[in-house]
Amino acid sequence: MYVRSALMSYQHTLATNVNNAMSEIDTVAQELDFKLVVTKKGKHRKPRNKPQTVPRQLAEPDRSVFCQKTVITQLQSAEADISQSAFFRQCLEIVPPILAGVETIVCLGLGKFHQCAIARYQLAFIRCLRKQTNLTVGAQFFDPVFTGSEVETLQTLGETVLHENLEGKYSAERKTLYFLPHCPKQIVNNLLWKNWDPCRLPNVVLLCNSFSTVVNNNPDRLLRINAGYILRAADLFREVPLRNNFRFTDIFNDTSLHYFGANEDEQNSHIDWSNTDEPSYEPDDLELISKEALATSSSRTLKQLLSELKAIRSSEGACAYSLASKYITEQYRRFETTEQQHCRAKEELQFTAQTYRCYLESLRKLKELNESYRGKGERSIRETADMVGFKLPHDPK
């Protein structure tokens, strides 16, 4: 009798835990969020019937949507700050002759300038530089982290926003200034590879991290793997460092202007134009964001996540599942190519999604175990033997 009483008590506790877990999933479906909150007090209390709340994204405006007028005002303030600085005056003493004849400006990897002051100052710098050097050309911008509001802000300012992620593989058919503020060296390497031609390479003017710093701070054996064209271009491009005396030292640090400086004789004698193999990088390279690799891993996790969500919702109707799946899919699309840029760790959002999938899978398995082994009154000897896979003495072998 004691064993039977203990077994019934355990079954009651297990059923209570399952009900609490399902209640938590209900909360997730109602709020359409990934936050799963379990209070420390009152875990074993019966869930109360709470009034239905408005989904969070309907009740509150999206925090990523910024007031465009405020951002433009902040940008104008940054432009005034830069144009009056000694840093910018020194730039104007050395930059204009190099930029003479530039017909296009391409800015890659600027960042989320609505939120990040560094990105906003870098945007202000390239706009001031274009204005003060009398470059009557438009600028083209691309960064996979741009939000819709940031794209609208750039378009309001009269700039052009590119939509295809070429990973830096842009062809310079005419003299082009490429502004790559603190971009991964693989992006610069891809750009050099795309223009490794005697007709196109002289058209490339790079305002990016110092070539000499990249070459001096990395072993040649590694540079040949992930920055081979930078290693080759370091001897062909002339580098003009920008003195980092701006009042914020983390905005233009290690920035240099690079332009093609080899004469015709050096081009014919020292440059190997024939070796133009497209660079490839290791999948675990932390600097380069591969859209294909990330999409493959993300789509697999998304399918598993939706499958688990559908399984656990099969007994409660399709309405909640439809809302939750729509929200999850929208989040995947939103962070499809930006995950590694704004997260604290590599593949942080991917890890969060996998953790949530594991949570749903565990709940499903717990429910299956509970339904299979939950006590249904007194069992016969045969039922108990069949449940655990034993045979009775008189059963045929």
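I searched the whole structure, a predicted model, for aromatic pairs and found 14, taking rings of Phe, Tyr and Trp (its six-membered ring) as paired if their centres lie within 6.5 Å, with planes under 30 degrees apart counted as stacked, over 60 as edge-to-face and the rest as tilted. I looked up Phe 113 and Phe 146, which form an edge-to-face pair at 5.9 Å centre to centre with 80° between the planes. This pair links distant parts of the chain, 33 residues apart, with Phe 113 in the loop between strand S1 (104-108) and helix H6 (117-132) and Phe 146 in the loop between strand S2 (139-142) and helix H7 (148-156); helices (H or I, at least four residues) and strands (E, at least two) are DSSP runs numbered from the N terminus. Phe 113 is buried at a relative accessible area of 1%, and Phe 146 is buried at 12%, where buried means under 20% relative accessible area, exposed over 50% and partly exposed in between (1.4 Å probe, protein chains only).

I then turned to Trp 196 and Tyr 229, an edge-to-face pair with 5.5 Å between centres and 70° between planes. Trp 196 lies in the loop between helix H8 (185-194) and strand S5 (204-209) and Tyr 229 in helix H11 (residues 228-233), so the pair ties together parts 33 residues apart in sequence. Both Trp 196 and Tyr 229 are buried.

I noted zero disulfides (cysteine sulfur atoms within 2.5 Å). For Cys 208, the nearest cysteine sulfur is that of Cys 183, 8.5 Å away.

Residues are numbered from 1 along each chain as its sequence is written, and side-chain values use heavy atoms, without hydrogens and water. Local features need pLDDT of at least 70 and side-chain atom pairs count only at pLDDT 80 or more, whereas totals for chains, interfaces and linings use all residues.
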